[in-house]
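Keep the viewer open as you read.

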Amino acid sequence: MILDRFRVAGKVAVVTGSGRGIGAAAAVALAEAGADVVLSSRTESDLTNVAAQVAERGRKAHVVPADLGNPAAAAALAAAAVDTFGRLDIVVNNVGGAYPRPLLETTPDFLEEAFRFNVTTAHALTTAAVPAMLEAGGGAVVNISSNMGRIAGRGFAAYGTVKAALAHYTRLAALDLAPRIRVNAIAVGSVATSALDIVVSNPEIKEKMEAATPLRRIGDPEDVAAAILFLASPAGAYVTGKVLEVDGGLQAPNLELGLPDV
């Protein structure tokens, strides 16, 4: 049956930034599809809650509280998966982000920190995972990029730049790691996570964002989790080096920060 291709039974996944939002939804989705999961973010209580949801799906979770802005901490998750579950098949590089800033307030240090948090950590975990994935017979990496990596909006010089870098890193890594390891990315649009709380809690702003989105709504974390499962599972076995846009159809930003001309 075609639905069997979306199963990842017996596989092991590492999901970064999995305490809440997209990462939590991805971890639960992978568990529902049969995978055991290594969960990591800063806040242990968040991870414990997600681990309980994984257990409710009949799978095991290993919790690793860590500051994933440190590439070494991200890389260590590969060994944690092998030590705990004996293998590693799937990596979801979800941790990342950068606050909006006007271009002239985006210091070189801020840009470098954003690059490290979004791109360097993904590279560190991916390269650390490769030996274990090859030992397991192959694997899949899914990087969480953003629609701001392909469209332009004022205030997003750092965030958009590093997410664009992550998208192209995905294409390059896919070529280097083919054919045994697939690497894909998702360009995420506006999704109802804690990062958007201040926006979606304002009815006026939320309505404007929805009106500017072709599908007329803000995304749910499960919308992205479903795409992650597709790319990580045998359903996506003939897909690598691609950036899947899960953004409600956006071709332009649906939120303007109102920054003035310089």
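## Overall build

Buried residues account for 48% of the 262 residues in the protein chain. Keep in mind that this is a predicted model. The secondary structure comes to eight helices and seven strands.

How does the radius of gyration compare with that of a compact globule? For 262 residues such a globule would be near 18 Å, and the protein chain has 18 Å, so the two agree. Along the principal axes, the C-alpha trace spans about 55 × 35 × 35 Å.

## Surface and charges

The protein chain exposes about 12400 Å², and carbon and sulfur atoms supply 57% of that area. On the charge side, there are 22 positive and 26 negative charges, and their mean positions sit 6 Å apart.

In soluble globular proteins, nonpolar side chains tend to be buried together. Here the largest nonpolar core has 34 residues, and the members that touch the most other members are V14, V38, L77, L88, V91 and L125. Two or more residues each come from β1 (12-16), α3 (71-85), α4 (108-135), α5 and β6. The top contributor is α4, which gives ten residues.

Beyond its neighbours within four places in sequence, L125 is in contact with V14, T16, A74, A75, L77, A78, V91 and N93. Apart from this core lies another one, of 29 residues, with A13, A26, L39 and L229 among them.

Most residues other than glycine have a negative phi, and most peptide bonds are trans. Two spots in this chain are worth checking against that background.

A178 and P179 are joined by a cis peptide bond, with omega at about 10°. P179 belongs to the loop between α5 (157-177) and β6 (181-188). The other spot is R216, a residue other than glycine whose phi is positive, near 60°. R216 sits in the loop between α7 (203-211) and α8 (221-232). Is R216 buried or exposed? Its relative accessibility is 53%, and the cut-off for exposed is over 50%, so R216 counts as exposed.

## A buried asparagine

N184 is part of strand β6. With a relative accessible area of 1%, N184 is buried, since buried means under 20%.

Which residues does N184 contact, leaving aside its neighbours within four places in sequence? The list runs to V141, V142, N143, T170, L231, V239, T240, G241 and K242.

## Toward the end of the chain

L259 is found in the segment after β7 (243-246). Its relative accessibility is 26%, so L259 counts as partly exposed.

L259 also pairs up with a residue from elsewhere in the sequence. The C-alpha atoms of L259 and R101 are separated by 9.3 Å, although the two residues are 158 apart along the chain. As for actual contacts, L259 touches P102, R154 and G155, not counting residues up to four places away in sequence.

Technical notes. Residues are numbered from 1 along each chain as its sequence is written. This is a predicted model: local features need pLDDT of at least 70, side-chain atom pairs count only at pLDDT 80 or more; totals for chains, interfaces and linings use all residues. Side-chain values use heavy atoms; hydrogens and water are left out. Helices (H or I, at least four residues) and strands (E, at least two) are DSSP runs, numbered from the N terminus. The radius of gyration is taken over C-alpha atoms; the globule rule is 2.2 Å times the number of residues to the power 0.38. Buried means under 20% relative accessible area, exposed over 50%, partly exposed in between (1.4 Å probe, protein chains only). Accessible areas come from the Shrake-Rupley method with a 1.4 Å probe; for residues, only the protein chains shown count as cover. Lys and Arg count as positive and Asp and Glu as negative; His and the chain ends are not counted. The place of a charge is taken as NZ of Lys, CZ of Arg, CG of Asp or CD of Glu. A nonpolar core is a set of buried Ala, Val, Leu, Ile, Met, Phe, Trp, Tyr and Cys residues joined through side-chain atoms within 4.5 Å. Contact means heavy atoms within 4.5 Å.
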